[in-house]
Amino acid sequence: MGNSNTRLFITTVTLIAALGGLLFGFDVAVVSGIILPVKTQFQLTASQEGWFVSCALLGCIAGVAFSGTLSDRIGRKKVLALAAFLFLVSAVGFAVSTTWSLLIFFRLLAGMGVGVASNISPLYISELAPASRRGRLVTFYQLAITIGILVAYCSNLAIQRYAAAAGDTSGGWLHWLFVTEYWRGMFLVGVIPAVAFFALLAIVPESPRWLARFGRQTEALHILEKINPDKKEAAAELQAILAVSADASKGGLRALLQPPLRHLLVMACVLTAFSQFSGINAVIYYGPTILRSSGVVANDTLLYQVMLGAANMLFTFVAIWKVDSLGRRPLYLAGSICAAAALTLTGIFFLLQINGWPLLIPITFFLLFFAFSLGPLKFVIATEIFPTPVRGLALSVCILVMWVSDWLLNLLFPIMREGMGIATTFFLFAGCCLFSFFYAKKYLFETKGQSLENITMKEKTIIHH
């Protein structure tokens, strides 16, 4: 019975925390269906359109910048509640905004929510997960992101078709939100998971590692005993947490920039940046444009996005299935080298002008390899390798690198596509995956099945080799 209760507790906490990932994915992807109607209604110039799409990134950067340090001070749970609040307010505010300035303001708030969730949700999951299942449970966060993307694509498609079928019949405010100006309804759908996230956070505990660090050992032990029904093992884990917290002194940026933590930070940031430089967002966001330019007739690009979103979500289950049995390093190496091959094949298809639907084959294979390696493992690795006093701050830096890398990719992809050609662009993405493979082969060490404290104690030796 104890094991059954333990499994239920861990699963419940993980699923609630992962709702932050679902909201992250939804918020990022829902904009794809909103851009055109907003551009038409508000008569946006090209620069205004670019600002509308990219301004959320400023919010993301701000959210990441303050959330790590804030979570180290007031706790992970309270900062997750802040993320849920930001998602809720931005969804309602955006849906009812009637001026351009208000739209931008609530896009910035939504971006802040994404930034906070992308930082604290995987951190929280890693600190509550047992060592034997931590990789799988943190990967649930990446799965939640892909589900959020798919939900946004499906709700966008459904609302677009509902609005087209309803026509111009008169109606009240619901008709305004979901028919006349249906883009408002697309964003408003986000209220449902935001409310659920905010309400369900009331039943999850604070991170035991954060509690132990601030002298609340009794509460920490109580939570550790829920995670591990063996009271002696739970008590031993608490002592290990206290020892590591004491050894890591005060934490903070100064501690993070000292070796060996500095070397770990560089490794985590490089792996994070190059996971984005693989071109994943170019495939997800520019996919319809890429296919149309290659001769695919796509009357409904939102339907195509649903197909890509579904593939991305389904392939993430491979990581959940194998990350704790095969380990992080083998999955990362296999996925990065195979992703490089799939992107190279995509470039060859463009070079040989093998156009149309056959082009979906190498692109789909790339999604498969990305979804079980470069995608989820950057979160798993970054949440595991740092000690508790600097874990929130270190993850903030890594997630900040992720968003800046995303911004660079989104900024440069159209320029690269026009300047170098689409084939050369994909060869460059393949080169980034190849670099990830060789870098990980040299620097990435295995962490499966080890407690966060054991990893902290061992890495001091490992990092010098």
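**Notebook: contacts and packing in a predicted model**

Gln 276 touches Asn 281, Lys 378, Met 402, Ser 405, Asp 406 and Leu 409, leaving aside residues up to four places away in sequence. I note at the outset that the model is predicted. I located Gln 276 in helix H14, which covers residues 261–276. Is Gln 276 buried or exposed? Its relative accessible area is 4%, which is under the 20% limit, so Gln 276 counts as buried.

**Entry: the protein as a whole**

I then looked up the overall composition. The protein has 23 helices and zero strands. I recorded 465 residues, of which 56% count as buried. Among contacts with a separation of 6 or more, 82% are between residues 24 or more positions apart.

**Entry: Arg 76**

I turned to Arg 76, which is placed in helix H4 (residues 76–96). Its relative accessibility is 1%, and Arg 76 therefore counts as buried. Which side chain does Arg 76 join through a polar contact of 2.9 Å? The partner is the side chain of Glu 127. I listed the other residues that Arg 76 touches, again not counting those up to four places away in sequence; among them are Ser 71, Ile 120, Leu 123, Tyr 124, Glu 206, Ser 207 and Trp 210. The list also includes Thr 388, Arg 391 and Gly 392.

**Entry: H3 against H21**

I examined helix H3 (residues 46–74) and helix H21 (residues 388–419), whose axes lie 7 Å apart and pack at an angle of about 175°. Because angles over 145 degrees count as roughly antiparallel, H3 is roughly antiparallel to H21. On the H3 side, the contact is made by Leu 57, Cys 60, Ile 61, Val 64, Ser 67, Gly 68, Thr 69, Ser 71 and Asp 72. On the H21 side I found Thr 388, Pro 389, Gly 392, Leu 393, Ser 396, Ile 399, Leu 400, Trp 403, Val 404 and Trp 407. By class, the residues of this contact are eleven nonpolar, seven polar and one charged. I note that Ser 71 of H3 and both Thr 388 and Gly 392 of H21 take part in this contact, and that Arg 76 touches these residues.

**Entry: H19 against H20**

How do the axes of H19 and H20 cross? The axes of helix H19 (residues 360–371) and helix H20 (residues 374–384) come within 5 Å and cross at roughly 15°. The two helices are therefore roughly parallel to each other. I recorded Phe 369, Phe 370 and Ala 371 of H19 as meeting Leu 374, Gly 375, Pro 376 and Lys 378 of H20. The residues of this contact divide into five nonpolar, one polar and one charged. Lys 378 of H20 is also one of the residues touched by Gln 276.

**Entry: two further residues**

I looked up Val 151, which lies in helix H6 (residues 134–166). Val 151 is partly exposed, with a relative accessible area of 34%.

Lastly I checked Gln 43, placed in the loop between helix H2 (35–41) and H3. Gln 43 has a positive phi of about 50°, although it is not a glycine. At 68% relative accessibility, Gln 43 counts as exposed.

Terms used:
Residues are numbered from 1 along each chain as its sequence is written. This is a predicted model: local features need pLDDT of at least 70, side-chain atom pairs count only at pLDDT 80 or more; totals for chains, interfaces and linings use all residues. Side-chain values use heavy atoms; hydrogens and water are left out. Axes are lines fitted to C-alpha atoms, for helices over the stretch in contact, and angles run from 0 to 180 degrees between N-to-C directions. Helices (H or I, at least four residues) and strands (E, at least two) are DSSP runs, numbered from the N terminus. Angles under 35 degrees count as roughly parallel, over 145 as roughly antiparallel, 65 to 115 as roughly perpendicular and the rest as oblique. Contact means heavy atoms within 4.5 Å. Ala, Val, Leu, Ile, Met, Phe, Trp, Tyr, Cys and Pro count as nonpolar, Asp, Glu, Lys and Arg as charged, and the others, Gly among them, as polar. Buried means under 20% relative accessible area, exposed over 50%, partly exposed in between (1.4 Å probe, protein chains only). A polar contact is a pair of N or O atoms within 3.5 Å; within protein, one must be able to donate a hydrogen and the other to accept it, and residues adjacent in sequence count only if both atoms are side-chain atoms.
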